[in-house]
Amino acid sequence: MRIWVDADACPNVIKDILFRAAERKQLSLTLVANHFLTVPPSRVISAVQVSGGFDVADNYIVKHLEVNDLVITADIPLAAEVIAKNAHAINPRGELYTKENIRERLAMRDFMEEMRSAGQVSGGPAPLGQRDRQDFANALDSFLAKY
């Protein structure tokens, strides 16, 4: 199993949790972004810089992931593609996307996008807090304990 990170928008505190987990479990961790990333020296941690453009990093991840790999992303359409390929996805707030909940998440995302377009809702999610970091670390540990 490999862990992939949609790293363009992944908070640094989440990356730090992932770096520690990859080293502890000796799991391959690959960060994918359209900008240069610095990663700690490690034989299990790497970074891939893709060209700029809409969904280029997402497409790279989908193309290279394998069954049962884990993808860390807040991008719900990417999570849906990951699940369709029989892999797993967790967002930086610790929510595991599943075959059972991904359609609902996609529908809510589309609804909120319509509301923003109509000017009825502005802004995005609240900043990542300490509770979110703990929820992510717990979800990651729980997932990794199964694999």
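Accessible areas here come from the Shrake-Rupley method with a 1.4 Å probe, and for residues only the protein chains shown count as cover. With that in hand, the accessible surface of this protein comes to about 8300 Å², and 52% of that belongs to carbon and sulfur atoms.

Quick housekeeping. This is a predicted model, so to speak of local features we need pLDDT of at least 70, side-chain atom pairs count only at pLDDT 80 or more, and totals for chains, interfaces and linings use all residues. Residues are numbered from 1 along each chain as its sequence is written, and side-chain values use heavy atoms, with hydrogens and water left out.

OK, the overall fold. We've got five helices and six strands; helices (H or I, at least four residues) and strands (E, at least two) are DSSP runs, numbered from the N terminus. Reading from the N terminus, the order is β-α-β-β-α-β-α-β-β-α-α. The radius of gyration is 15 Å, close to the 15 Å that the globule rule gives for 147 residues, so the protein is as compact as a globular protein of that length. That radius is taken over C-alpha atoms, and the rule is 2.2 Å times the number of residues to the power 0.38. Along the principal axes, the C-alpha trace spans about 50 × 35 × 30 Å.

How much of it is buried? Of the 147 residues, 39%, where buried means under 20% relative accessible area, exposed over 50%, and partly exposed in between (1.4 Å probe, protein chains only).

Now on to helix H3, residues 76-84. Ile-76, Leu-78, Ala-79, Ala-80, Val-82 and Ile-83 are buried there. At the start of H3, Asp-75 has a side-chain oxygen that comes within 2.8 Å of the backbone nitrogen of Leu-78. Just after the helix, Asn-86 takes a positive phi of about 60 degrees.

Asp-58 counts as buried, at 8% relative accessibility.

Last stop, Ser-51, in the loop between strand E3 (45-49) and helix H2 (56-64). Leaving aside neighbours within four places in sequence, Ser-51 is in contact with Asn-34 and Val-56. Its C-alpha is 20 Å from that of Pro-77, which is 26 residues away along the chain.

Technical notes. A polar contact is a pair of N or O atoms within 3.5 Å; within protein, one must be able to donate a hydrogen and the other to accept it, and residues adjacent in sequence count only if both atoms are side-chain atoms. Contact means heavy atoms within 4.5 Å.
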